[in-house]
Amino acid sequence: MFDLTGFQRDLMYVISGLDHPSGQSIKERFERDFGQQIKHGRLYPNLDHLVESGFVEKGQIDRRTNYYELTSLGRQKLEQRREWENQVQTGMTTG
């Protein structure tokens with residue numbers, strides 16, 4: 001997960017909180033939660049990278065719409081990242 005960009009990790013967090021979201025659903029949720037507009041030219045190449053890395057699965061809803069879902073590897077890596085973040089935060093408060 002350390003080789004992913006912050007944006008790619010954020011996309012994984014967004015995907016993990018939705019049920020088979022389309023790219024448009026991910027875009028809308030990200031924009032709502034982070035208050036930043038995302039262009040399609042940024043969103044879809046990053047989603048494709050997550051798919052190619054094995055963290056996200058891409059499926060088809062209909063001829064024009066795909067859905068995205070974390071793979072078991074993606075869920076595992078996201079959990080490892082959360083554990084690491086918690087350790088870092090704990091170390092900051094106790095150290």
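This is a predicted model: local features need pLDDT of at least 70, side-chain atom pairs count only at pLDDT 80 or more; totals for chains, interfaces and linings use all residues.
I started at Gln8, which is found in helix 1. Helices here are DSSP runs of H or I with at least four residues, strands are E runs of at least two, and both are numbered from the N terminus. Residues are numbered from 1 along each chain as its sequence is written, and side-chain values use heavy atoms, with hydrogens and water left out.

**Entry 1: Gln8**

Is Gln8 buried or exposed? I found 5% relative accessibility, so Gln8 counts as buried. The cut-offs are under 20% relative accessible area for buried, over 50% for exposed, and partly exposed in between, with a 1.4 Å probe and protein chains only. I then looked up its neighbours: leaving aside residues up to four places away in sequence, Gln8 touches Asn46, His49 and Leu50. Contact means heavy atoms within 4.5 Å.

For the wording, 65 to 115 degrees is roughly perpendicular, under 35 roughly parallel, over 145 roughly antiparallel, and the rest oblique. The axes are lines fitted to C-alpha atoms, for helices over the stretch in contact, and angles run from 0 to 180 degrees between N-to-C directions.

Which residues meet here? From helix 1 I listed Phe7, Gln8, Leu11, Met12 and Ile15; from helix 3, Arg42, Leu43, Asn46, Leu47, His49 and Leu50. By class, this contact of helix 1 with helix 3 has seven nonpolar, three polar and one charged residues.

**Entry 2: helix 3 on its own**

I checked the length of helix 3 next: its 13 residues reach 18 Å from first C-alpha to last, close to the 18 Å expected at 1.5 Å a residue. The expected span is 1.5 Å times one less than the number of residues.

In helix 3, Leu43, Asn46, Leu47 and Leu50 are buried. Looking down the axis of helix 3, I see its buried residues within an arc of 105°, so they line one face of the helix. The arc is that of the directions from the helix axis to the C-beta atoms. On the other side of helix 3, Gly41 and Glu52 are exposed. The cover over the buried residues of helix 3 includes helix 1, helix 2 (23-34), strand 1 (56-60) and strand 2 (66-70). After helix 3 comes Gly54, with a positive phi near 85°.

**Entry 3: the loop and helix 2**

Between helix 1 and helix 2 I stopped at His20, which lies in the loop. Its phi is near 50°, a positive value in a residue other than glycine. Most residues other than glycine have a negative phi.

Helix 1 and helix 2 have axes that come within 10 Å and cross at roughly 105°. That makes helix 1 roughly perpendicular to helix 2. In helix 2, Gly23, Ile26, Lys27 and Phe30 are buried. Seen down the axis of helix 2, its buried residues fall within an arc of 100°, so they line one face of the helix.

How values were computed:
Ala, Val, Leu, Ile, Met, Phe, Trp, Tyr, Cys and Pro count as nonpolar, Asp, Glu, Lys and Arg as charged, and the others, Gly among them, as polar.
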